[in-house]
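I am opening a notebook page for this chain, and I want to record what I looked up, residue by residue, before drawing anything together.

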Amino acid sequence: MGQIKKQAQISFRQLEQGGATVTVAAGEVLKMAGKTVIIFDFDRTLIDDDSDRWVITNMGLTQLFNQLLPTLPWNTLMDMMLKELQIQGKTVNDIAKCLKGIPLHPDIVAVIKSAHALGCDLKVVSDANMFYIKTILEHYGIYNCFSEITSNPAVVDSGRLRIFPYHNIASSHGCNLCPPNLCKGRVIAKIQASVSENESKRIIYIGDGKNDLCPTLKLDEGDCVMPRMNFPLWNSISKNSELVKAKVYEWGNGEDLGRILLQLLNSTNQS
Ligand SMILES: [Mg+2]
Ligand SMILES: [Zn+2]
């Protein structure tokens, strides 16, 4: 508890230094932040790069990837890429080492630590996979800040890393906005149902991609969505603004994301 208090104070000082408006006492910030669920997309949001493409590019798979891309669904393609790595004699440890080279913006690390220290409930919902996400978050020391990670399952099978779809592809999830392996809207609906049983909470959803529109449309008036500027989610929101009930806060880079998210955690007008 002492450590949590200390971190909250540090983040508070960071806020003041960052020029954000701080008009409430630290205790009140803690109380408000406790009602906030923050949901991050992973690729091009929490990390600036795309973890699948990072592995393909940095482990010499670009040519095979381009060859197979038109013929296979994404999860199957990634599973094939990992099979190829095993054939080439690359271990799961080699893949982990490659993943640890992915940069993560220090302001995003800082805001995640602050939000966690302030009592927010942090989650990741991503179409990457459990192994990539866990490896990267652990590497940056923020894995334990998250209460839940929802992504495509990954297992190590006789030394080979394998990726499987989150939903059973054989029985369609019935959402035409999302790829067959994962409907993020269904995940958000489950989170909303578990939250409203206790008390009214605010959701902040942060994302960039086409598959972040479905969960965005599930958000309520008191919620916030943070689309990355000039990326597909941002474009979709601009075109369908009448369908989006949540307040929209756009961001461009890790510095923006860190600043705006901290400001939202301090906003007093929650309903
Ligand atoms: Mg993304
Ligand atoms: Zn969907």
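**Annotated positions, helix and cores**

I began with Asp127, which I found in strand β2 (residues 121-129); I note here that the model is a predicted one. I count Asp127 as buried, because 23 other C-beta atoms lie within 10 Å and the cut-off for buried is 20 or more. Setting aside residues up to four places away in sequence, I listed Ser151, Asn152, Pro179, Leu182 and Asn211 as touching Asp127.

I then turned to Asp52, which lies in helix α4 (residues 51-58) and counts as partly exposed, with 19 C-beta neighbours inside 10 Å. Beyond its neighbours within four places in sequence, Asp52 is in contact with Met78 and Ala128.

I looked up both positions in the unreviewed UniProt entry, where the annotation "binding site" covers Asp52 and Asp127.

Next I checked helix α13 (residues 254-266), whose 13 residues reach 19 Å from first C-alpha to last, close to the 18 Å expected. Its buried residues are Gly254, Leu257, Gly258, Leu261, Leu262, Leu264 and Leu265; they cover an arc of only 160° around the axis, which puts them on the same side of α13.

Last, I recorded the largest nonpolar core, which has 53 residues, with Ile39, Ile204, Tyr205 and Met226 making the most contacts inside it. Apart from that core lies another, of nine residues, including Leu182, Cys183, Leu213 and Leu233.

Conventions: Residues numbered from 1 in each chain as written. Chains lettered and ligands numbered in written order. Predicted model: local features only at pLDDT ≥ 70, side-chain atom pairs only at ≥ 80, totals over all residues. Helix = DSSP H or I, 4+ residues; strand = E, 2+ residues; numbered from the N terminus. Expected span 1.5 Å × (residues − 1). Buried ≥ 20, exposed ≤ 12 C-beta atoms within 10 Å, placed from the backbone. Arc of directions from axis to C-beta. Core = buried A, V, L, I, M, F, W, Y, C linked by C-beta atoms within 7 Å. UniProt positions renumbered as here; feature names shortened; annotations may be inferred. Contact = placed C-beta atoms within 7 Å.
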